[in-house]
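I opened a structure that was new to me and kept notes as I went. The entries below follow the order in which I looked things up.

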Amino acid sequence: MSFEQHREYIEGHFNTNFATATTPVQYDNVDFLVSGSSTLKSNKGLDEWCRLTIIPGNTTNQTVGATRQRSIGVITVQVFTKSGTGSDRARALADSIKTVFENKSFNGVRTHATSISRIGDSDGYLQINVSTPFYVDAT
């Protein structure tokens, strides 16, 4: 499976299963956010939004001389909610993201346990990162 397919399958899975579809999402290396079937030019004025990034890791052979390979990485969704409004909404979004990715198997992508990290204030937003390790086996 190609790295482009990893991205396609992970982003597609997120699009299909993210229960809070009204929360705008920014995908890796694009300068707009997707909100349902609409696109937004900026996060300015939004109460909440997310950014999905796929961080690739190593690809290794499963055994010496084998043609089977395993690629690993981390799916990270940065959650942003308006500063000064508490952390309840950010944590609710993190829980929704956890439901989408934790211990799932889809299109050859397998995920592990999800964790969150509180980053703190970032440009007027509370930021919480939701991270889920994944792997893909290919021959």
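**Entry 1: F18 and the cores**

I started with F18. Leaving out residues up to four places away in sequence, I found F18 touching T23, V25, C50, L93, S96, I97 and V100. I note here that the model is predicted.

Next I looked up the largest nonpolar core. It has 24 residues. F18 is among those that touch the most other members, together with I10, F14, L52, V77, I97 and F101. Which elements give two or more residues to this core? I listed α1, β1 (25-27), β4, β5, α2 (88-101) and β9. The largest share, six residues, comes from α2.

**Entry 2: Aromatic pairs**

How many aromatic pairs does the whole structure hold? My search gave five.

I took W49 and F80 next. Their ring centres are 4.2 Å apart and their planes stand at 15°, so I wrote the pair down as stacked. The cut-off for stacked is under 30 degrees. W49 sits in strand β4 (residues 48-61) and F80 in strand β5 (residues 69-82). The pair therefore ties together parts that are 31 residues apart in sequence.

Y125 lies in strand β9 (residues 125-138) and F80 in β5, so the pair ties together parts 45 residues apart in sequence. I found Y125 buried, with a relative accessible area of 8%.

R70 lies over the face of Y135, at 4.0 Å from the ring centre.

I moved to H6, in helix α1 (residues 3-17). H6 counts as buried, at 5% relative accessibility. What does H6 contact beyond its neighbours within four places in sequence? I recorded M1, S71, F134 and V136.

Then came P24, in the loop between α1 and β1. P24 counts as buried, at 5% relative accessibility. I checked its contacts, again setting aside neighbours within four places in sequence. They are L33, V34, S35, L40, L46, E48, W49 and C50. P24 and S35 are eleven residues apart in sequence, yet their C-alpha atoms lie 4.3 Å apart in space.

I followed strand β8 (residues 115-122) into β9. The two strands run antiparallel, and seven bridges join them. D121 has L126 in β9 as its bridge partner. β8 and β9 form a hairpin with two residues between them. In the turn, D123 has a positive phi of about 55°.

**Entry 3: Salt bridges**

I searched the whole structure for salt bridges and got six.

The side chains of R7 and E11 meet in one of them, at 2.6 Å from N to O. R7 and E11 are four residues apart in helix α1, so about one helical turn separates them. R7 is partly exposed, with a relative accessible area of 31%. E11 counts as buried, at 11% relative accessibility.

Where do R68 and D137 sit, and how many residues apart are they? First I checked that their side chains meet in a salt bridge, at 2.7 Å from N to O. The pair links distant parts of the chain: R68 is in the loop between β4 and β5, D137 is in strand β9, and they are 69 residues apart. R68 counts as partly exposed, at 40% relative accessibility. D137 counts as buried, at 19%. The cut-off for buried is under 20%.

I also looked at E102 and K98. They form a salt bridge, and the closest N and O atoms are 3.8 Å apart. K98 is partly exposed, with a relative accessible area of 34%.

Salt bridges that share partners join E4, R7 and E11 into one network.

Methods:
Residues numbered from 1 in each chain as written. Predicted model: local features only at pLDDT ≥ 70, side-chain atom pairs only at ≥ 80, totals over all residues. Heavy atoms only, no water. Phe/Tyr/Trp six-rings, centres within 6.5 Å; stacked < 30°, edge-to-face > 60°. Buried < 20%, exposed > 50% of the residue type's maximum accessible area, 1.4 Å probe, protein only. Lys NZ or Arg CZ within 6 Å of the ring centre and 35° of its normal. Contact = heavy atoms within 4.5 Å. Pairing = 2+ DSSP bridges. Core = buried A, V, L, I, M, F, W, Y, C linked by side-chain atoms within 4.5 Å. Salt bridge = Lys/Arg side-chain N within 4 Å of Asp/Glu carboxyl O.
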